Amino acid sequence: MAEKKITNPALKKAIVNMQENNTPENVNHMIDCVMAAQFITPANVSQPRNVAKTDQNGATVMQQETQVQFQLIENGNKEKFFPAFTDEEEKEKWKGAEGKQNVVMTFDSFAQVLSAPDCDVKGFVINPFGKSVAFPTPMVQSLKKQKDERSGGLTKREIKNDENYELGDPDPDEYPIDMMAAMINFFNERDDVNKAFLRTFKRENDDKPSYLVIVDFDGDKMEEIFKGVSIAASPHLNGYELSMMPFSVKFAKNACDGVDPFFEA
């Protein structure tokens, strides 16, 4: 069930830009926005009920399950797709959504459902009764693989007290405007990110410098936020590595001292 208002202004603008000027840059930007978005998908959602299941030891246990029956749309070939609405205004254009409950879906959740062996749905369509974009299942699978490859390499590295490093600002002649724009679009789709800073960072023994993205956020979704930052930033690194740090860390606060955030909610 949707607990907050779902809006995707950055994605809607990206779709319009792509449809008006179908350049590779506009297509990639639109896909970045899709990866970061939350969608409304109407469904019939039943109350949780007890279901008998067998656990790994062969014992029967009772679990509560909620049944979700999605409302699907069909194209001219009678192929079924999930509708993915960017907001309530787009959802209200479809009479089939009347009386249905809102289920919040993401690109990852669509990819998971579409990958099921018994799924006969052919993909999902964003705003099927407005400025629509279709994502057929093969395309979803390919993009999901690329996304996992880009975000799967996050590792934690500590900064030791006696370690030598260089901290600075991006070169004005190589300022990563596209990377910052992609991250800003990702942050705009969240309500838990307060501000973000960009520095450069290089350890004494590193071959390459890193962009250091410091994020001030509420709650405990650090891994989710950092994965989203990685997905947004990775296509625009231009030879740099990517490092991320929460603003709550003392080193990060010191690194941001006197520096203006590039994003502020």
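In what order do the 3 strands of the open sheet lie, and is their pairing parallel or antiparallel? In this predicted model, the strands of the open sheet follow the order 4-1-7, and their pairing is antiparallel. The edges are formed by strand 4 (68-70) and strand 7 (101-106), each of which pairs on one side only. Between neighbouring strands of this sheet the average turn is 55°, with direction ignored.

The pairing of strand 1 with strand 4 can be followed residue by residue. Strand 1, which covers residues 38-45, runs antiparallel to strand 4 and is joined to strand 4 by 3 bridges; in one of these strands, strand 4, Gln-69 is the bridge partner of Asn-44. Helix 4, made up of residues 107-114, packs on the sheet and touches both strand 1 and strand 7, and the direction of helix 4 makes an angle of about 95° with that of strand 7.

The structure holds 1 cavity of 30 Å³ or more, and the volume of the largest cavity is about 30 Å³. Its lining consists of Asp-32, Cys-33, Ala-36, Ala-182, Asn-185, Phe-186 and Ala-232. Helix 2 (24-36) and helix 6 (177-188) each contribute at least two residues to this lining. Sorted by class, the residues that line the largest cavity are 5 nonpolar, 1 polar and 1 charged.

Note on methods
Residues numbered from 1 in each chain as written. Predicted model: local features only at pLDDT ≥ 70, side-chain atom pairs only at ≥ 80, totals over all residues. Heavy atoms only, no water. 1 Å grid on protein atoms, 1.4 Å probe; cavity = no way out; pocket = protein on both sides within 12 Å on 5 of 7 lines; lining within 4 Å. Points joined across faces, edges and corners; volume = space filled by probe spheres on them. Helix = DSSP H or I, 4+ residues; strand = E, 2+ residues; numbered from the N terminus. Nonpolar A, V, L, I, M, F, W, Y, C, P; charged D, E, K, R; others polar. Pairing = 2+ DSSP bridges. Axes fitted to C-alpha atoms, helices over the stretch in contact; angles between N-to-C directions. Contact = heavy atoms within 4.5 Å.
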